Amino acid sequence: MYPTEFEYYRPKTLDEALELMKTVEEPKVIAGGQSLMPMLKLRFYEPACLIDLGAIPELKQVKLDEGGNLRIGAMVTHFEVIENGLIRENAPILASTAENIGDIQIRNRGTIGGSICEADPSADYPPTMFVLEASIVLLSKEGRRTVRIEDFIKGPYETDAREDEIAVEIIVPKSTDQYHVEKYARRKADFAVVSVAAIARTASDGSIEELRIAAGALTDGPERLKSLESALKGKKKDSVDLQTSISETVDALTPISDIHGGEEYRKYSLKMMLARVIKELIE
Ligand SMILES: Cc1cc2nc3c(=O)[nH]c(=O)nc-3n(C[C@H](O)[C@H](O)[C@H](O)COP(=O)(O)OP(=O)(O)OC[C@H]3O[C@@H](n4cnc5c(N)ncnc54)[C@H](O)[C@@H]3O)c2cc1C
């Protein structure tokens, strides 16, 4: 099917884009188009106007601010996330996450901002963003606001962004702790059936000083596994009953069932994955 007719704008500055978002009828932002184009063809969306962000240079920058946070422009592609030296140095878990996304074509066109704004429950970035405690900067003619990722993703394909707002950058606190991302998908370039992102730091006495874990593709959105984190934090690795802690956390979740895997299958896969990931991190 072809998309319905729409007007197409390609602003060269953010100001121009924000003005269009405010003035044109039914605006819809297009970034890499990797999720949006299929949606337009299936006529899930029938916007009157498409605003293409591809010609705005400031959305493609990666910077380190004075507080040591990474500021990643919304139009930075997955490929650039993998290759960028600042990202690899200050949040290597993000580069590893991007390596898991789709295939080379998707990674060349798809953007970090587009993926987060799409809020696909099976996408790879959201669990990683949860453990990094990242934030999204949203801009409109009314002003600028910064929203924590956990508040930004409201549910499947639903975010806190208003219709006139553009996500301009993602703020990622520096994180050079040990990390691990794991994704189980049916085929190489597929979306996850279950995924896990985790970071950890152990103290010199062998106790777990910091641990953040999130799972993806399981429920309506990413899940930060805080009960598991607090069950393990502060413990020495030899005194941890990993299996019991993992089972208690996972059994309290209600995963979705779909053609890729039932509820029990997802729980089982998550338990296996968590045991592997945490063991690797704390050892
Ligand atoms: C075959 C295939 C396989 C894929 N596999 C994976 C995978 O394994 N893992 C994974 O995580 N993803 C996967 N994806 C999705 C891919 O990562 C997309 O790049 C991503 O979901 C959307 O990014 P985009 O830049 O293409 O955004 P677009 O498709 O252009 O936009 C997506 C949505 O976000 C909105 N939007 C985009 N940018 C902004 C912004 N700056 N401000 C406000 N709203 C905005 C758009 O209006 C639209 O609603 C796959 C996609 C395809 C087609």
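This is a predicted model: local features need pLDDT of at least 70, side-chain atom pairs count only at pLDDT 80 or more; totals for chains, interfaces and linings use all residues.
Visitor: How does the radius of gyration of the protein compare with that of a compact globule?
Guide: Happy to start there. With 283 residues, a compact globule would have a radius of gyration near 19 Å. The C-alpha trace spans about 60 × 45 × 30 Å along its principal axes. The radius of gyration of the protein agrees with the globule value, at 19 Å.

Visitor: What share of the residues of the protein count as buried?
Guide: A residue is buried if 20 or more other C-beta atoms lie within 10 Å of its own. Applied to the 283 residues of the protein, that gives a buried share of 41%.

Visitor: How many helices and strands does the protein have, and which domains are assigned?
Guide: The secondary structure comes to twelve helices and 14 strands. The domain assignment gives domain 1 (7–52), domain 2 (58–172) and domain 3 (178–282).

Visitor: Which helix gives the most to the side of domain 1 that touches domain 2?
Guide: Eleven residues of domain 1 are in contact with 18 residues of domain 2. The residues on the domain 1 side divide into six nonpolar, four polar and one charged. Five residues of that side come from its top contributor, helix 1 (residues 14–23).

Visitor: Which element supplies the largest share of the shell around the ligand?
Guide: The ligand is surrounded by 29 residues, the closest being Gly32, Gln34, Gly102, Gly110 and Gly114. By type, the shell divides into 15 nonpolar, ten polar and four charged residues. Strand 2 (27–30), helix 7 (112–118) and strand 10 (166–172) each supply at least two residues. The largest share, five residues, comes from helix 7.

Visitor: Is strand 10 enclosed or open, and which residue stands opposite both Ile72 and Ile136?
Guide: Six of the seven residues of strand 10 are buried, so this strand is largely enclosed by the rest of the structure. Four bridges join strand 10 to strand 5 (residues 70–73), and five join strand 10 to strand 6 (residues 135–140), with antiparallel pairing in each case. Ile72 and Ile136 both stand opposite a residue of strand 10, namely Ile170.

Visitor: How many residues of helix 8 are buried, and which residue follows the helix?
Guide: Helix 8 (residues 125–132) is mostly covered, with eight of its eight residues buried. Among them are Tyr125, Met129, Phe130 and Leu132. The residue that follows has a positive phi, near 55 degrees, and is Glu133.

Visitor: Glu26 and Ala119 also have a positive phi; is each of them buried or partly exposed?
Guide: Most residues other than glycine have a negative phi. Glu26, in the loop between helix 1 and strand 2, has phi near 40 degrees, while Ala119, in the loop between helix 7 and helix 8, has phi near 50 degrees. Inside 10 Å, Glu26 has 13 C-beta neighbours, so Glu26 counts as partly exposed. Ala119 has 22, so Ala119 counts as buried.

Terms used. Residues are numbered from 1 along each chain as its sequence is written. A residue is near a molecule or strand if its C-beta atom, placed from the backbone, lies within 6 Å of it. Ala, Val, Leu, Ile, Met, Phe, Trp, Tyr, Cys and Pro count as nonpolar, Asp, Glu, Lys and Arg as charged, and the others, Gly among them, as polar. The radius of gyration is taken over C-alpha atoms; the globule rule is 2.2 Å times the number of residues to the power 0.38. A residue is buried if 20 or more other C-beta atoms lie within 10 Å of its own, exposed if 12 or fewer, and partly exposed in between; C-beta atoms are placed from the backbone. Domain bounds come from an automatic or database domain assignment. Two residues are in contact if their C-beta atoms, placed from the backbone, lie within 7 Å. Two strands pair if DSSP finds at least two bridges between them.
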